[in-house]
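Let's take a friendly walk through this model together. Have the sequence and the 3D view ready as you read.

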Amino acid sequence: MVSDSDESADLSWLLNDDETQLSPCIQGRSNETVQDVASTSSLMPHFLAMGFAREMITKAIEESGDGNSESVLDLLLIYSSLDGTTSRNEDKAESDENRWEDDASSDFDEMDLELEMAGQDSISNKLQFLVKMGYDQDEVSSAIQRCGENASVFELADSIYAAQTEKEEEFGDCDPSSAHEQKDEDKYDPFLHDHKRQRFDDGASSTHRNDNQKHGHLKWAYGRPSTTIRRHEGGGDDDREAELFLPNSMVGFGLPMDPKRQLSRELPDVAQCPPFFYYENVALAPRGVWDTISRMLDDIPPEFVDSKYFSAACRKRGYIHNLPIANRFHLKPVPPQTILEAFPSNQAHWPEWDKRTKFNCLQTVVASSKLTEQIHAELKAHPNPPSPDVMKRVMKECRKWNLIWIGQNRVAPLEPHEVEFLLGFPRDHTRGISRTERYRSLGNSFNVDTVAYHLSVLKGIYPNGIRILSLFSGIGGAEVALHRLGIKMTAVLSVEKSLSNRNLLNSWWKETGQEGELQEVDDVRKVDDAILECFIRRHGGFDLVIGGSPCNNLTGSNRLHRVGLQGEHSSLFYHYYRILSRVRYLMGKH
DNA sequence: TCAAGGATGACAATTGGT
DNA sequence: ACCAATTGTCATCCTTGA
């Protein structure tokens with residue numbers, strides 16, 4: 001129930017201490033240029049808070065020349081999208097073997113070298129970066145002219161796409177009469193291109209960026225701590241009901257059974273054109289990560305959802321998408337909502353002092369036998385029920401490792417098929433690969449019921465089938481969700497690095513008798529215009545671009561390399577952005 | 001395949017001050 | 001009673017070396 005009028009209210013109360021610390025930098029952005037040394041040094045904590053490495057920031061500040069925070073950010077994002085490793089510049093002289101494993105990366109390496117040589121010229125950097133991303137050089141040049149030299153790479157990419165859209169309009173590819181319907185969210189037209197682009201057209205990019213930044217906080221109001229919001233909403237009985245909609249309950253735009261769920265929202269103009277896209281990642285990422293992701297994906301605020309409202313296991317995730325949100329429906333049959341409903345046979349051994357009703361997030365690894373044996377030994381040695389101290393220790397491990405009771409005083413991790421069940425996959429979906437692999441692939445996957453709830457709106461829109469680009473497909477959570485929704489997949493381009501996962505998806509595709517064409521690619525970095533254009537020529541385009549990029553460097557479970565979006569794996573997010581941009585451009589061209 | 005390995009951030013509860 | 005600061009509790013799509 002976060003309406004626009006609420007959002008436009010005074011939001012200074014949303015800013016916590018960390019954010020007030022950032023304000024000098026944000027203010028710095030609103031100035032045309034920030035050249036004094038004091039302001040430049042203030043950029044460091046700002047970008048550190050965004051998750052960039054210190055060396056990378058130092059390099060970016062040096063190379064940006066003018067110390068303008070916006071050009072520094074551009075450089076940082078360019079570095080990040082080139083390679084996650086921040087130390088690579090010191091390693092320049094060394095061999096390249098540990099950087100990219102395949103040929104697809106070689107042009108990025110060249111690009112990096114060129115960046116080195118280009119030195120101070122950030123305009124040239126941007127131009128080269130965008131050309132390397134696949135944009136036409138002339139188009140980039142005119143975009144720089146339109147947006148000004150200070151425009152960020154996002155704005156430039158955005159502007160190029162806008163120009164394409166407008167060109168398309170001139171050729172009459174789009175029916176202007178349908179433009180009147182776009183206000184009506186319930187009648188979302190997936191083929192409606194937006195013509196009223198004015199976000200970056202006046203060239204005052206830095207002030208716009210500033211507005212976007214502030215707006216970002218506005219839109220994130222529902223993502224803030226409930227204590228603050230509750231205070232804001234005032235007292236009375238409404239508080240009880242309001243809690244359902246509060247951010248920390250992570251219900252997104254509302255649950256299926258909730259009559260007061262939000263039914264419409266205002267999407268940025270740029271997001272109101274095909275294809276639909278759906279992006280997923282862990283909700284509890286380091287500070288600033290979702291801000292960056294959101295900024296790159298049309299400034300759409302994430303929909304944070306905990307899958308505990310859809311299954312017997314928690315799964316806190318953020319989803320950024322441009323799907324309509326009215327008329328969502330729940331996948332049938334509705335899965336068991338509690339642990340004991342899911343596994344009734346374990347009730348006999350479940351001690352009454354284990355009050356869990358939901359599992360925590362299902363992870364990629366499970367508890368060792370040593371741990372479960374320790375617990376067994378400890379409980380056996382103590383009276384029943386055990387002392388509060390023992391009880392507390394046991395419960396801590398049970399919660400941490402999602403253990404279930406399989407006998408008197410005996411606990412065990414979930415079996416792979418039980419994890420499949422909890423996540424909404426068919427039984428033995430991952431069978432055939434090693435046990436360890438199964439846990440890892442499942443732990444990295446979607447919760448099918450949650451994703452299907454979001455995707456259910458597509459059923460009415462595409463009665464004849466859907467063409468999808470599935471990035472980071474994994475074991476095919478998106479495909480399974482669409483299949484279970486009864487949405488026919490006429491063509492799928494699936495990108496997944498793991499061979500065993502690709503094999504799984506392939507077998508599932510055949511076993512379930514899919515009539516559509518499944519094309520598999522092994523690396524997002526190999527997805528170029530040629531591949532995309534080939535698919536588009538063959539099938540006419542994409543209806544949905546879906547995927548969740550690696551969370552390895554974002555999740556709290558990673559004790560060693562939780563370094564944020566620029567991490568080795570998580571930086572692949574930028575390829576999601578790149579590919580989505582290319583798909584939009586190429587579809588506009590055809 | 002197993003076992004061992006903390007840090008970060010959200011939130012609740014508490015404290016301490018006015 | 002209120003606000004701010006502090007402390008406590010809890011959860012987290014994991015990596016590495018053996």
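The surface near DNA strand C is made of seven nonpolar, 13 polar and five charged residues. Here Ala, Val, Leu, Ile, Met, Phe, Trp, Tyr, Cys and Pro count as nonpolar, Asp, Glu, Lys and Arg as charged, and the others, Gly among them, as polar. This is a predicted model, in which local features need pLDDT of at least 70, side-chain atom pairs count only at pLDDT 80 or more, and totals for chains, interfaces and linings use all residues. Residues are numbered from 1 along each chain as its sequence is written, chains are lettered from A in the order in which they are written, and side-chain values use heavy atoms, without hydrogens and water.

Of the 25 residues around DNA strand C (a heavy atom within 4 Å), those that come nearest are Arg-317, Gln-363, Thr-364, Cys-551 and Asn-552. Sugar and phosphate supply 68% of the atoms of DNA strand C that come within 4 Å of the protein.

Polar contacts (pairs of N or O atoms within 3.5 Å) include these:

| Side chain | Atom of DNA strand C | Distance |
|---|---|---|
| Glu-280 | base nitrogen | 3.1 Å |
| Arg-317 | base oxygen | 2.3 Å |
| Thr-555 | phosphate oxygen | 3.0 Å |

Strand 1 (276-282), strand 3 (316-321) and helix 16 (388-401) each give two or more residues to this surface near DNA strand C. Helices (H or I, at least four residues) and strands (E, at least two) are DSSP runs, numbered from the N terminus.

Now for a helix pair. Helix 13 (residues 289-296) packs with helix 24 (residues 573-589) at an angle of about 10°, their axes 11 Å apart. That makes the two helices roughly parallel, a term for angles under 35 degrees. Thr-292, Ile-293 and Met-296 of helix 13 meet Phe-573, Tyr-574 and Tyr-577 of helix 24, where contact means heavy atoms within 4.5 Å.

Conventions. Polar contact = N/O pair within 3.5 Å; in protein donor to acceptor, adjacent residues only side chain to side chain. Axes fitted to C-alpha atoms, helices over the stretch in contact; angles between N-to-C directions. Parallel < 35°, antiparallel > 145°, perpendicular 65-115°, else oblique.
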